[in-house]
Every structure is written in C-alpha cells, then in structure tokens.
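Hi everyone, thanks for coming.

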Amino acid sequence: MIEGIVNGFLEAVVSLPVRGPDGREQLVDAVIDTGYSGTLTLPPTLVAELELPYVIRSRSALADGTVVAFNVHGATVVWDGRPRYIDIDAVGVAPLLGMSMLEGHDLHVRVNDGGRVAIQPAEGS
C-alpha cells in the first residue's frame with residue numbers, strides 16, 4: 001500500500017522514490033491528478049539532475065486546449081514496494097501522478113486538510 005496525505009490546498013499527495021540510471025534516488029512529493037492520463041510528470045530541472053535518459057519528444061493538449069510539447073524520459077520508481085520502470089513527462093514545476101500509475105489500484109482519499117490518502121492493488125488484480 002502507498003500512503004500519503006491531503007495538504008492545505010486539498011491536494012492528495014504521495015511520496016515516491018525516483019531512481020536514475022546511475023542509482024541516484026530522489027524522493028518526490030507528487031500530487032495525484034485524475035485529469036492526467038500519463039504516469040508521472042517531473043520538472044525538467046529534476047530530470048536533468050537525475051540524468052534520466054531521453055526516450056522521445058511528445059505533445060499533449062491541456063484542459064484549456066493549449067498544446068504543449070515536452071520531452072519524455074525513463075526512470076524507475078518504487079511503486080507498491082517494487083521497482084517499476086516508467087516514462088516520465090518532463091513538464092511543469094510540480095510533480096503530478098497520473099491515472100496510468102493508478103491503473104489496477106484503488107484510490108481512497110479523505111478530503112480534508114491532513115486527510116489520509118491510500119493506494120492499494122484492486123481486488124482481483
């Protein structure tokens with residue numbers, strides 16, 4: 001199970017270790033974004049710091065219709081106690097955790113400042 005907390009802005013936040021190819025690891029506080037279908041976004045500065053390998057250039061439309069281009073990099077995160085290799089979108093200033101990371105899991109959030117966030121494998125997964 002992955003646990004987190006709801007912050008004062010009523011954002012559900014979980015901490016994930018992100019590991020680069022040389023084994024360096026950074027603990028990242030990511031806001032769960034159910035409107036984001038990807039896995040994880042990281043600021044380009046952190047991607048560079050961890051020297052995450054480049055995968056591809058991609059584009060996506062934001063909620064307001066704006067199209068943004070960004071680089072995609074590979075990294076390993078510790079997810080549910082196990083290493084998991086994922087593509088990371090290098091965009092924005094705050095890490096976002098998307099629905100592709102949550103696939104096959106149940107998300108429970110107590111929506112109040114300091115509320116509990118719990119992510120666990122779905123029954124039968």
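**The pocket and its surroundings**

Let's start with the lining of the largest pocket: its residues divide into 11 nonpolar, 8 polar and 3 charged. Here Ala, Val, Leu, Ile, Met, Phe, Trp, Tyr, Cys and Pro count as nonpolar, Asp, Glu, Lys and Arg as charged, and the others, Gly among them, as polar.

Quick caveats: this is a predicted model, where local features need pLDDT of at least 70, side-chain atom pairs count only at pLDDT 80 or more, and totals for chains, interfaces and linings use all residues. Numbering runs from 1 along each chain as its sequence is written, and side-chain values use heavy atoms, with hydrogens and water left out.

Back to that pocket, which has a volume of about 470 Å³, meaning the space filled by probe spheres set on grid points joined across faces, edges and corners. Of its 22 lining residues, Y36, T41, S60, A61 and L62 are the closest to the centre. A pocket, on a 1 Å grid over the protein atoms alone, is an open set of points where a 1.4 Å probe fits, with protein on both sides within 12 Å along at least five of seven lines; lining residues have an atom within 4 Å of a point.

Which element gives the most to the lining? That's β5, with 4 residues.

Zooming out, we've got 2 helices and 10 strands, taken as DSSP runs numbered from the N terminus (helices H or I, at least four residues; strands E, at least two). In sequence order, they go β-β-β-β-α-β-β-β-β-α-β-β. And the C-alpha atoms fill a box of roughly 35 × 35 × 30 Å along the principal axes.
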